[in-house]
Amino acid sequence: MPYFWLLALFLIPFLIVFKISLSDAALAIPPYMPTMKEGLGAMLSQLDFENFVFLTEDDLYWKAYLSSLKIAFISTVFALLVGYPIAYAMARAPTEWRATLMMLIILPFWTSFLIRVYAWVGILSTEGLLNRFLLWIGIIGDPLIILNTSTAVYIGIVYTYVPFMILPIYAALERLDESLIEAAEDLGCSRMKAFWLITIPLSKGGIIAGCFLVFIPALGEFVIPSLLGGSGTLMIGKVLFEEFFSNRDWPVASAVAVILLIILIIPIILFQRNEQRQQEAEQ
Amino acid sequence: MNRLSPFNVVSLTFGFAFLYLPMLILVIYSFNKSKLVTVWAGFSTKWYGELFRNEAFLDAAWVTLKVAVISSSIATVLGTMAAYTLVRGGRFFGRTLFSGMIYAPLVMPEVITGLSLLLLFIGIGMDRGVMTIVLAHTTFSMCFVSVVVSSRLATFDRSLEEAALDLGASPFQAFRLVTLPIIAPAVVAGWLLAFTLSLDDLVIASFATGPSATTLPMKIWSSVRLGVSPEINALSSILIGLVSIGVICASLVSKRHTLRIQREERAAERAA
Amino acid sequence: MVETVFAPWEDPNASPLISFKNVTKRFGSFVAIDDLTLDIYEQEFFALLGPSGCGKTTMMRMLAGFENPSEGSMSLSGQDIAGIPPNKRAVNMMFQSYALFPHLSVWENIAFGLRRDGVAKDVLSARVDEMLKLTRLEKFARRKPHQISGGQRQRVALARSLAKAPKLLLLDEPLGALDKKLRQDTQFELMDIQEKTGTTFVIVTHDQEEAMTVASRVAVMDEGRIVQVATPQKIYEAPDSIYVADFIGDVNILTGPVKATGDDTYSVDYGGEAPVIATSERSFSDGQIGHLAIRPEKIAIHSDRPAAPNAVQGKVLDIAYLGNLSTYYVELPNGKIIKAQTANTRRISRRAFTWEDPVWVSWSATAGVLLDQ
């Protein structure tokens, strides 16, 4: 039974999105005119690529896609730099602590996503806590403008998604056999070298999984760029949402969605492949 | 490894500080008499009072709660069924498609799933409101539940089911009397996950809702768009508090349970 | 040889409880069971013995109903059971991992099968108590599986599988997880219970000592085929082939062309100084290659040449000291190594032979078995 549910609620709507993006913009409310009542034939007969062409003509969309890719990519890198040391420290911690540490990493995840992003608004604004702190200890003379810039978006994405980076890496590191490091050191490796030559390659699966778990959702993020980014921060999720709710241009919104999905297909497939390889390695 | 190196200690400290300070700050400022973040005007609980007098918020909270309970319950049933099909089904027709559909919402940006669902609702001529939000949440929650339950099912010892069959249970009885009680913790975890996701969802609810229904996240969103709001701080603190208590309790209970079982096993071996 | 009293397989009028007729089982292209025919009689304690992958577990799972034969037929009490699902067969299984339901108490575990049959409450209760008494678990009835030891869990698994008084009980490597001392005690307990309840037991094991101890008959399997079915005595003393001789216990094999020297007596030219003599019920033609299989305990070791039909000279290459026994590895002039085993009736320091000593090994003409394969 879940099969049919999924089929109905997922595949069919997706086909509809595809269809709509090819149809003309309707002016009436509801904006979208042809319904399934008219049958599949009617839907197909109205296929055309007008909306997709529109996307290519207007600069906004191209820029938004590219900007999203850039922001998602940079955020993923930062998340990796922040998350890996934490995961590593967790994996090295005494065994009794690990359950508690794990709980502490997961706890923020159960807290509302929206609230956690909102918290940064108060911190990053010009009169916010971060600026007040930096001014107070004298590092800067004028308040930094962080809120409503891309930087705030980077911070926001890293903050929200870093647990997703930590967990797979931690899982991979925990499975790592410490005697491998000891063997390397026994054979003459320094600590740092052993880390680069052994630990990192062996935790590769976890690193890749973590990166995808951050990159893919970050690409389509809406809340973070809306709250923390400014009008200058272009992300496709935000564009889609605004296209839909502000401009009420559903067909264009659909076209935007379809292209975003196409962009995502390759990372999603790569992610699934990595997961499969991980599972097989475990067996 | 018994002691952590200083580097690791620093990593952990900074890491957890990074994760928790923003939430801590929210909680502190929810008690700030002044509206502004810049000024600390003294301790006050007046924002909590304002929050509870705000009818719109309370209504939205109630709707959100209802939706979360209903959608997560249905999602848990469907997700468990899906997980069972995936793990035990072997190779059936359309398996790759089914598996893909299950895992897709996990990584798909919410704007896309939201839009698709909305168009479906329009397409079948359904009035949008609380019902459509429930349907929407059930759909994507089901996928998360499925992931949680199927990972537990995959490691489940099948000889237990075989023993049940061998002793005369029908396949359904074996599932009901043996498998289900044993994977129950995973099913409960799935329910909790679905509940949390539903409670917290903004984007999909925005797409799937109608004029009559507003959820709490949507209310929060409309408030914070305009900037910092102390009532939201208060609400946030309440939510953070509830979640923290819940997670810590669950963690303690689980830990005590595991320790007790280990102790009993060891005692049994020694006594034999 | 003394005849065992219980031997239904020799009775032409007895009909088997279980019958495999030309059963073949394939998994994809892999043939797990190859054209197997076998009869098992009521009240037997039957052992399926063989290395991993020989198909013994597959056979058992087919009896239980978890697999179905690709070809051939299986019958239980004369009825074809091929399509019948496991929950509808009068067969119960004791799993290797015990498969005790962790969320149910010992009492509930044992009662599980009876409950599925809808047995009346008082009858059920009496039966469970009976099983608890049989396996000496009365004190642990309320405990959960994780609260009892490994040996106790094994007894719960046994009690649970006997609760429904099945016609056939399958035991999948039941003693594997137990330590040696417990294993020996449990072996006798199993035999006891089997006799008491009169159930037919089929045990699957790779441990030949176990099979030899408990079984009334042993089937040695290899690669999906049954190589020999016989009582433990016959398997040990009169194996059919080198495979069986080698699989069970230790054995010396001397191979060479055979020549008849008298009534049922042959000489085997194994390449040593002189051919050895053996009696054989099997007939051989002159020149046919024969394999003489002699058990180490049947070979005596001496410092001077003994007066025995077979006496060969050699040098002590190695001694394996096992506490109660010593196995002497004696190297013969042609390079062949013979294992001779004697009980350590004297202390080691007073032992007659040591490394590098020249010795004579000897055995009688009837000590070995002459095999043709």
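Buried residues account for 45% of the 283 residues in chain A. A residue counts as buried if 20 or more other C-beta atoms lie within 10 Å of its own, as exposed if 12 or fewer do, and as partly exposed in between, with C-beta atoms placed from the backbone. The model is predicted: local features need pLDDT of at least 70 and side-chain atom pairs count only at pLDDT 80 or more, while totals for chains, interfaces and linings use all residues. Residues are numbered from 1 along each chain as its sequence is written, and chains are lettered from A and ligands numbered from 1 in the order in which they are written.

Chain A has 14 helices and zero strands. Helices (H or I, at least four residues) and strands (E, at least two) are DSSP runs, numbered from the N terminus. The pattern of chain A along the sequence is α-α-α-α-α-α-α-α-α-α-α-α-α-α. Two residues are in contact if their C-beta atoms, placed from the backbone, lie within 7 Å. Of the contacts in chain A between residues at least 6 apart in sequence, 74% join residues at least 24 apart.

Chain B has 11 helices and zero strands. Its elements run α-α-α-α-α-α-α-α-α-α-α from the N terminus on. The radius of gyration of chain B is 23 Å, well over the 19 Å that the globule rule gives for 272 residues, so chain B is more spread out than a compact globule. The radius is taken over C-alpha atoms, and the globule rule is 2.2 Å times the number of residues to the power 0.38. The C-alpha trace of chain B spans about 70 × 60 × 35 Å along its principal axes. Buried residues make up 46% of the 272 residues in chain B. Among contacts in chain B with a separation of 6 or more, 78% are between residues 24 or more positions apart.

Two pairs of chains are in contact, and chains A and B share the most contacts. Chain A and chain C do not touch. Their nearest C-alpha atoms are 20 Å apart. Between chains C and B, 22 residues of chain C are in contact with 21 residues of chain B. On the chain C side, the elements that give two or more residues are strand 6 (91-94), helix 2 (106-116) and helix 4 (150-162). Helix 2 of chain C gives the most, with three residues. By class, this side of chain C has 10 nonpolar, 10 polar and two charged residues. Here Ala, Val, Leu, Ile, Met, Phe, Trp, Tyr, Cys and Pro count as nonpolar, Asp, Glu, Lys and Arg as charged, and the others, Gly among them, as polar.
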